[in-house]
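Please look through the structure below.

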Amino acid sequence: MFVAESKRLTHQGAKMIMATALELAGQAKIAICCAIVDAGGHVILIERMDGGRFHTVHSCTTKAVCAASNRRPTTARGAAGQDLDVAHAIGLALAAGPERWTAMEGGVPVLVDRECIGGVGVSGGDWETDLRIAKLAVESIGAKWE
């Protein structure tokens, strides 16, 4: 077969994910930055809430790209799912590119029928809150993150 059917995350879907993430951050009383990328890691939407720290723009984008690329939530695990110590996590980030891989939690893929159509990255809260917001935001469009 030379041609495959594929799904894609629409701008409207990305806007719904973003609206959910911003609402959840407001409820948690934190200022986040959220990035939503397509399956190739290209930014569809990015927003930084009032009071959000400027470095969160880069970290949330990296989380979204990493989650889409690996098709799993961001964590301190390698590509094969093995636990990484600090030196190996830094080495992997340097090898992949610091804007392509991160060990920081808060990024999840957007999966539909087990096909990755994008990634969501959230930064600005503690890692558990970032991850919770990202997961619930993906679920808001009926997609899965695992």
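This is a predicted model: local features need pLDDT of at least 70, side-chain atom pairs count only at pLDDT 80 or more; totals for chains, interfaces and linings use all residues.

Ala103 is partly exposed, with a relative accessible area of 21%; buried means under 20%, exposed over 50%, and partly exposed in between, with a 1.4 Å probe and protein chains only. Ala103 sits in the loop that runs between α3 (86-96) and β3 (107-112). Helices (H or I, at least four residues) and strands (E, at least two) are DSSP runs, numbered from the N terminus.

Residues are numbered from 1 along each chain as its sequence is written, and side-chain values use heavy atoms, leaving out hydrogens and water.

Ile46 belongs to strand β2 (residues 43-48). Ile46 is partly exposed, at 36% relative accessible area. Together with Val43 and Val57, Ile46 forms a nonpolar patch on the surface, with about 210 Å² of accessible area together. Such a patch is made of residues with over 30% relative accessible area and no salt bridge, with nonpolar side chains (Val, Leu, Ile, Met, Phe, Trp, Tyr) joined within 5 Å and like charges within 9 Å. Accessible areas come from the Shrake-Rupley method with a 1.4 Å probe. A salt bridge is a side-chain nitrogen of Lys or Arg within 4 Å of a carboxyl oxygen of Asp or Glu.

The largest cavity is lined by residues including Cys66, Asn70, Arg72 and Trp101; on a 1 Å grid over the protein atoms alone, a cavity is a set of points where a 1.4 Å probe fits but cannot get out, and lining residues have an atom within 4 Å of a point.

Note on methods:
On a 1 Å grid over the protein atoms alone, a cavity is a set of points where a 1.4 Å probe fits but cannot get out, and a pocket is an open set with protein on both sides within 12 Å along at least five of seven lines; lining residues have an atom within 4 Å of a point.
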